[in-house]
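Let's take a walk through a protein model together. Have the structure open beside you, and turn it as you read.

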Amino acid sequence: MSERRNLRISERKKPKQARSSELVFAILEAATQVLAQEGATRFTTARVAERAGVSIGSLYQYFPNKAAILFRLQSEEWQRTGGLLGDILRDRTRSARQRLHDLTLAFLQSECEEAAMRTALNDAAPLYRDAPEVQQARATGEHIVSEFLREVLPKLPEDARERAADVLNSTLGNVGKQFSETPRSSEEIQAYAADMAAMFCAWIREKGGNLQ
């Protein structure tokens, strides 16, 4: 990656008009294509601008560097995943056990469907992972799991519950990444999700959790 690392990853300005929003959308669409086709090591603002059909100056009006573009792509992926997990875990019409199974299945399916893009984003992470905005962006998904564990483990001390949330989040993320590195059939994904969910349920019960 030839561009000098710069921890400024906040966008320069937010688009306020439809035309500006369309420009930012075009830049992000082009960035997605360049990242998927070229990989993180060949990802540059010049290539993104060329693919989007805009001047490099227009791109820099909104994104100060390639780290800002990559962080925007990553944060949008975190938001999509967080929204998906939130919809599942907050649906109290289903048992906690069923929600854990649905959560694990949806997460693994998502990881496998977007494996190539996520691998490229992981490769690009050193460009922006130390920026303070990263922790803020990731906090939403972590809060969702903490909220669920507060429901099923109400007697667990807060520090132990936060640690449990970190374990669950880390396990999902690391296993999902490794699992999705190999093409998987629908049957494989469902079987793996069932086993993982059973493991999570047993772990929560051991801590005195209620999964009804």
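A residue counts as buried when its relative accessible area is under 20%, as exposed when it is over 50%, and as partly exposed in between, using a 1.4 Å probe and protein chains only. Keep in mind that this is a predicted model, in which local features need pLDDT of at least 70 and side-chain atom pairs count only at pLDDT 80 or more, while totals for chains, interfaces and linings use all residues. Residues are numbered from 1 along each chain as its sequence is written, and side-chain values use heavy atoms, leaving out hydrogens and water.

Start with the whole chain. There are nine helices and zero strands, where helices (H or I, at least four residues) and strands (E, at least two) are DSSP runs numbered from the N terminus. Of the 212 residues in the chain, 44% are buried.

Now find helix α4, which covers residues 66–89. This helix has 24 residues and spans 34 Å from its first C-alpha to its last, close to the 34 Å expected at 1.5 Å a residue; the expected span is 1.5 Å times one less than the number of residues.

Within α4, look for Glu76 and Arg72, which sit four residues apart, about one turn of the helix. An α-helix has 3.6 residues a turn, so residues three or four places apart point the same way. Glu76 forms a salt bridge with Arg72, with the closest N and O atoms 2.8 Å apart. A salt bridge here is a side-chain nitrogen of Lys or Arg within 4 Å of a carboxyl oxygen of Asp or Glu. Glu76 is partly exposed, at 25% relative accessibility.

How many salt bridges are there by this rule? The count comes to 11. Another of them links Arg94 to Asp102, the closest N and O atoms being 2.4 Å apart. Arg94 is partly exposed at 28% relative accessibility, whereas Asp102 is buried at 17%. Then there is Glu188 with Arg184, whose closest N and O atoms are 3.7 Å apart. Through shared partners, salt bridges also join Asp91, Arg94 and Asp102 into one network.

Finally, turn to the aromatic rings. Rings of Phe, Tyr and Trp (its six-membered ring) pair if their centres lie within 6.5 Å; planes under 30 degrees apart count as stacked, over 60 as edge-to-face and the rest as tilted. The count comes to one aromatic pair. The ring centres of Phe179 and Tyr192 are 4.3 Å apart and their planes are at 35°, so the pair is tilted. Phe179 lies in helix α8 and Tyr192 in helix α9, so the pair ties together parts that are 13 residues apart in sequence.
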